[in-house]
Each structure stands twice: as C-alpha cells, then as structure tokens.
Amino acid sequence: MLSLPSWKCPEWTLNASQVNVSSPEFTEEWQKRIRELQGAIMVASCIQILVGFSGLIGFLMRFIGPLTIAPTISLVALPLFDPVGNDAGIHWGISFMTIFLIMLFSQFLKNIPVPVPVYGGEKKCHTSKFYLFQFFPVLLALCISWFICFVLTVTNTLPSSPTEYGYLARTDTKSNVLRQAPWFRIPYPGQWGRPTISLAGVFGIIAGVVSSMVESVGDYYACARLVGAPPPPKHAINRGIGIEGLGCLLAGAWGTGNGTTSFSENVGALGITKFCTSSYIRVLPFWPRLDHSGKGEVGMSQLAHCSQASSRKHLSGAIETRM
C-alpha cells in the first residue's frame, strides 16, 4: 500500500541524519501513513476473525496443502528482495560478515559448549556447560557485527560524510532519535489520531491477511512436528486464526503499523536451536494436548523442556496446564 505514488515518502525525509524528527511537518508525514495503515488493518482483521471463529478455515483445510503453502510463502517473500538488498547494500562487507557469523554459529559451533560460572547446588561455585552458539546464533552475530561497526565509528574508519558509501553503517547516524525519545511512554488506542480507511488500503491488507492465514497453517504443522506434538486438529486451527485476527484488530487500534501472526522465522529458530525450556515457553492457546490415555484434548499447552532431544524425535518433558 505504501508503495503507491500517493504514499511515497518525500525526498526531504529520506536522509534521517538531515531531518528534524521532532518537527511538526515530519511528524505529520509519518503519522498520516500510520493512520491509513490502522484503518486498513482493523477492517481486514475483522475478516480474519470471521474466517477463524466461523470455522471456514477448517473447512478450507482440504484445499490447503504443501503445494498451496510453499508457493504462497515464496510469493510473500519475493517482495522482500528489494528492501533486503537496499539494507544490505548499505555496507556489503558488514552484511556478509553477519551472514557468515550466523552460519558459523548455527551450523559449525552449535555442539561446542561454553563453560559458564554457576552458583548453587551441592558444589556451590562451579562451571557448567552451556550451548551458547546453539541457542543464540542470530543474536550473537548481530551483537558482534554491531560492536565492530561501533569500533569503526569511534575510530572514524567509516566515512563521516552522508554522501559517501558506507556512511549508514555508522552507529551514530540516528543517535539523535534516541536522544529525543522519551524514557517512558504508555501507548493507547488512537494515539496517532483517528484512523482513516481507503478501499485500496483495505484490499491491499486483505491480500496480506489471506497469505498470512495460509502461512500460519503451515507454521502450526511445522511447529508441531519440531516439538514432537500431534498435528493440530481443525477446530484448533480455527481458534488460532481467530486469535491472530483479534491480535491484528488490537494492533490496528493501538497503531503499531503492523498485524500479528505466527512467524515462520521463529519456527525456523526452533529447528536451529532445538531450544524450548521452562524459561523460554511458548503459550499456544489453540494447541492439542494429550491426556493420560493418549487421546487428543484441546486446552492450553505450555510446551517446555524441549531440548536437544527433540532432534531425536522425542520430548524430554512437557508442562501442561488445563484451561
């Protein structure tokens, strides 16, 4: 929607280092776009709520399979090539280094434990093995890349002129935004003004909602397989889609500028890290649970202690909570 000519950002707003972000003109430029997104998301989310809680998505499950989900997710990802290329092109050296570190940590160093100091138990002070690279491959890579950019910024190795290549890789290009931001702020519905609604915006978001529902169905099955849970039944999928629609409605009312949905990258993170402990719990209100007889029963399932054993297709334990 924001790629339409009427909603393209003015030229004078493209360079954040030369814009007074607190000026009324700049504030109105981004707030009117947020208001347009708010209205479109709220209307489109009502359709998702209807599809989910009416059971329509469960009925359509007979038409949604791997041959439907795979092309849909691919088509959703295709438009991301342009922004990814633009952002990575800020400094290709830093970008390739980040990619290399993620691959190094997640594929080659994942089974190497790191000794960490621990206090407690019978031994009091001792060291314990922690698979740091397996649990935090992406976070570690991003932190290391940012620190290198910080060092290059402090030493003025990166160019200081906004017109030179690599300037946006500096860590101080948007420091004024952090300085001007309030320490505490409580969001509330309609905080950017009254939402606006246009036909083009609503249909654009509806297209995204449809693809999001198809992708979410694939995420539910993929997540179930990764953690060793049974496939989610149709009525559970209906509730999941309905709850996602409700989340989109609330997000639109609060003006976050985006909807809420299951995130394929998080499912992929489960596959990479094999990590789902009691300190890293996913609350799934739509997930099937098993009673002692092994029959499926729907409730709130907090899957926990899904450690490296999940890669061997079994769980080391689970915490179950009935509604």
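The following legends describe close-up views of a predicted model.

**View 1. Spans listed in the record as transmembrane regions.** The unreviewed UniProt entry lists residues 40–69, 89–109 and 130–154 under "transmembrane region". Residues 89–109 are 81% helix and 0% strand, with end C-alpha atoms 28 Å apart.

**View 2. A nonpolar patch on the surface.** Which residues form the nonpolar patch? Phe53, Tyr188, Ile243, Leu246, Leu250 and Trp254 make up this part of the surface, and together they have about 560 Å² of accessible area. Helix 10, which covers residues 234–254, gives the most to the patch, contributing four residues. Trp254 is placed in helix 10. The relative accessibility of Trp254 is 33%, so this residue counts as partly exposed.

**View 3. The salt bridge between Glu28 and Arg35.** Side chains of opposite charge can pair when their charged atoms come close. The count for this structure is four salt bridges. In one of them, the side chains of Glu28 and Arg35 meet, with a distance of 2.9 Å from N to O. Are the two partners buried or exposed, wholly or in part? Glu28 has a relative accessible area of 38% and is therefore partly exposed. Arg35 has a relative accessible area of 14% and is therefore buried.

**View 4. A network of salt bridges that includes Glu29.** Salt bridges link Glu29, Lys32 and Arg33 in a network. Between Lys32 and Glu29, the closest N and O atoms are 3.8 Å apart. Lys32 and Glu29 are three residues apart in helix 1 (residues 24–53), so about one helical turn separates them. Lys32 is partly exposed because its relative accessibility is 30%. Glu29, by contrast, counts as buried, because its relative accessibility is 18% and the cut-off for a buried residue is under 20%. Which residues does Glu29 touch, not counting those up to four places away in sequence? With that exclusion, Glu29 touches Pro10 and Trp12.

**View 5. The salt bridge between Asp172 and Arg170.** Asp172 and Arg170 form a salt bridge in which the closest N and O atoms are 3.1 Å apart. Asp172 has 34% relative accessibility and so counts as partly exposed. Arg170 has 9% relative accessibility and so counts as buried.

View 6. A disulfide is a covalent bond between the sulfur atoms of two cysteines. How many disulfides does a search of the whole structure find? The search finds zero. Cys143 is partly exposed, as its relative accessible area is 45%. Cys149 is buried, as its relative accessible area is 7%.

**View 7. Trp7 beside Arg33.** Trp7 belongs to the segment before helix 1. With 18% relative accessibility, Trp7 counts as buried. How far apart in space are the C-alpha atoms of Trp7 and Arg33? They are 7.3 Å apart, while 26 residues separate Trp7 and Arg33 in sequence. Arg33 is also part of the network of salt bridges with Glu29 and Lys32.

**View 8. His235 and Gly58.** His235 is located in helix 10. Its relative accessibility of 42% means that His235 counts as partly exposed. His235 and Gly58 are 177 residues apart in sequence, yet the C-alpha atoms of His235 and Gly58 are 6.6 Å apart in space.

**View 9. The backbone at Asn156.** Most residues other than glycine have a negative phi. What is the phi of Asn156 near? The angle is near 60°, a positive value in a residue other than glycine. Asn156 is found in the loop between helix 7 (137–154) and helix 8 (175–180). Asn156 has a relative accessibility of 53% and therefore counts as exposed, since the cut-off for an exposed residue is over 50%.

Definitions and conventions:
Residues numbered from 1 in each chain as written. Predicted model: local features only at pLDDT ≥ 70, side-chain atom pairs only at ≥ 80, totals over all residues. Heavy atoms only, no water. UniProt positions renumbered as here; feature names shortened; annotations may be inferred. Helix = DSSP H or I, 4+ residues; strand = E, 2+ residues; numbered from the N terminus. Patch = residues over 30% accessible without salt bridge, like charges linked within 9 Å, V, L, I, M, F, W, Y side chains within 5 Å. Areas by Shrake-Rupley, 256 points an atom, 1.4 Å probe, with all protein chains shown as cover. Buried < 20%, exposed > 50% of the residue type's maximum accessible area, 1.4 Å probe, protein only. Contact = heavy atoms within 4.5 Å. Disulfide = S-S within 2.5 Å.
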